[in-house]
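I opened this notebook to keep track of what I looked up, one topic at a time.

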Amino acid sequence: MDKKKILHISKYYFPDEGGIETVAQYLAEGLTDYENRIICYAKNGNTRIDKINGLTVYRIAPSFNIASQDICFSYTKKLKHISNAYNPDIAIIHCPNPFVYAIAMKVLPKKCKKILLWHSDILTKGILYKIIKPIETYALKKADLILATSPNYINSTSPIFKYKDKVKVLQNGVIAHNLDLRQDDYKKIENIKEKYKNKKLILFVGRHIPYKGIDRLIDTEKYIKSNIQILIAGRGPQTEYLKKLAEGNERITFLGKVSNDDLRCYYYASDIFGFSSITKQEAFGVALAEAMYCGCVPVTFQIYGSGVNWVNLNGITGEEVPLNDVKSYAKAIDKILNTSGLLQKYSNECKLRIRNNFTDQKSVNTARKILEDLFVTEQHD
């Protein structure tokens, strides 16, 4: 029996980096009982066909970019050509990517099951969203299935709530083998701890952009009584602004961009994961799950409608404090570091929660069951 065919429609795809790119890759490579192909934009501007780990990837050069959204004048023609040649049974559209919504719904074969994998809402309001909203609504109505990355996201503040009868949860997953310790890691971990004189380490990992709340983490430092060092990994548009905020503060270190191999060691070397995101633009928190997989205990803000507070369970895997309350954030850090046995208890629970629920393989298994059910339901209709 021929395998059913999936077309993954993503903004970008491996080796381009990012949370959505990671999910698209492990689904495409993991759903081996289907034939998988991918269509995405070409970041370097060259339309081409790649072979990535045995899978065909169609990369389409954008014509221009507006508000972080690539636009391609020939996308309709190219998707139609690919769709006619490949004839997919399923299309998984990674959202947000509003430019492709109407095109995909009109061009893909009628028999093709159209699935929106809803990584996050579009939170930018104003004129641009007013233009996008009718297209988004059209796609939500036409979709056979909508996948939220957490149950928390299916709430009245999200456009998907109106269509909750056809929403299922497909949790994100971390790439487990990237996070498992290697022989050489133990020495690196010890070196990191020694470099910071065996202080308790608070780690941040992520892009330096407003919704990550890194300025709140910097502000928190002055209220933390414990002997700590805050390590801020990554970079982005806010990097220079954040460095100025922390200027002269010896308890805050900017690490810059850290390689995957080094990042793994920082996760294991650190005690607290300072996950300071402040809006539901942080829909899930892949870095949060990665840190927890390695036993790094999170402190998070309460963000209504975000999956962050589903990944980190308050009082079980870590601490959660009122949104933007930096004094409570500092108090939670001190509590974890100074309550006998609490850091180790949370660390153990972190590892269990992620390994039991949020690995790439767990996510692929959930996706496989959802797709099976989709076709079983069709047969019974």
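**Surface patch**

The model I am reading is a predicted one. I located Leu-128 in helix 4, and then asked which residues form a nonpolar patch on the surface with it. The patch consists of Phe-64, Ile-66, Phe-73, Ile-127, Leu-128 and Ile-131, and together they have about 650 Å² of accessible area. Strand 5 (64-66) and helix 4 (127-142) are the elements that give two or more residues to this patch, and helix 4 gives the most, with three residues.

**A histidine in a loop**

Next I looked up His-119, which I found in the loop between strand 8 (113-118) and helix 4. Is His-119 buried or exposed? Its relative accessible area is 8%, so I noted His-119 as buried. Leaving aside residues up to four places away in sequence, I listed the residues that His-119 touches as Ile-20, Val-23, His-94, Cys-95, Thr-149, Asn-172 and Ala-283.

**Aromatic pairs**

I then turned to the rings and noted that the structure holds eight aromatic pairs. One of them joins Phe-284 and Phe-358, whose ring centres are 5.7 Å apart and whose planes stand at 70 degrees, so I recorded the pair as edge-to-face. Phe-284 lies in the loop between strand 14 (272-274) and helix 10 (286-293), while Phe-358 lies in the loop between helix 13 (342-357) and helix 14 (360-380), so the pair ties together parts that are 74 residues apart in sequence. For burial, I noted Phe-284 as buried at 3% relative accessibility, and Phe-358 as buried with a relative accessible area of 1%.

I also looked at Phe-301 and Tyr-329, where the ring centres are 4.8 Å apart and the planes are at 45 degrees, so this pair is tilted. The pair links distant parts of the chain, with Phe-301 in strand 15 (residues 297-301) and Tyr-329 in helix 12 (residues 326-338), 28 residues apart. I found both Phe-301 and Tyr-329 to be buried. Separately, I noted that Tyr-41, Tyr-75 and Phe-99 form one aromatic cluster.

**Charges over rings**

Finally, I checked lysines against rings: the charged end of Lys-4 sits over the ring of Phe-375, 4.7 Å from its centre, and Lys-164 lies over the face of Phe-161, at 4.5 Å from the ring centre.

Definitions and conventions:
Residues numbered from 1 in each chain as written. Predicted model: local features only at pLDDT ≥ 70, side-chain atom pairs only at ≥ 80, totals over all residues. Heavy atoms only, no water. Patch = residues over 30% accessible without salt bridge, like charges linked within 9 Å, V, L, I, M, F, W, Y side chains within 5 Å. Areas by Shrake-Rupley, 256 points an atom, 1.4 Å probe, with all protein chains shown as cover. Salt bridge = Lys/Arg side-chain N within 4 Å of Asp/Glu carboxyl O. Helix = DSSP H or I, 4+ residues; strand = E, 2+ residues; numbered from the N terminus. Buried < 20%, exposed > 50% of the residue type's maximum accessible area, 1.4 Å probe, protein only. Contact = heavy atoms within 4.5 Å. Phe/Tyr/Trp six-rings, centres within 6.5 Å; stacked < 30°, edge-to-face > 60°. Lys NZ or Arg CZ within 6 Å of the ring centre and 35° of its normal.
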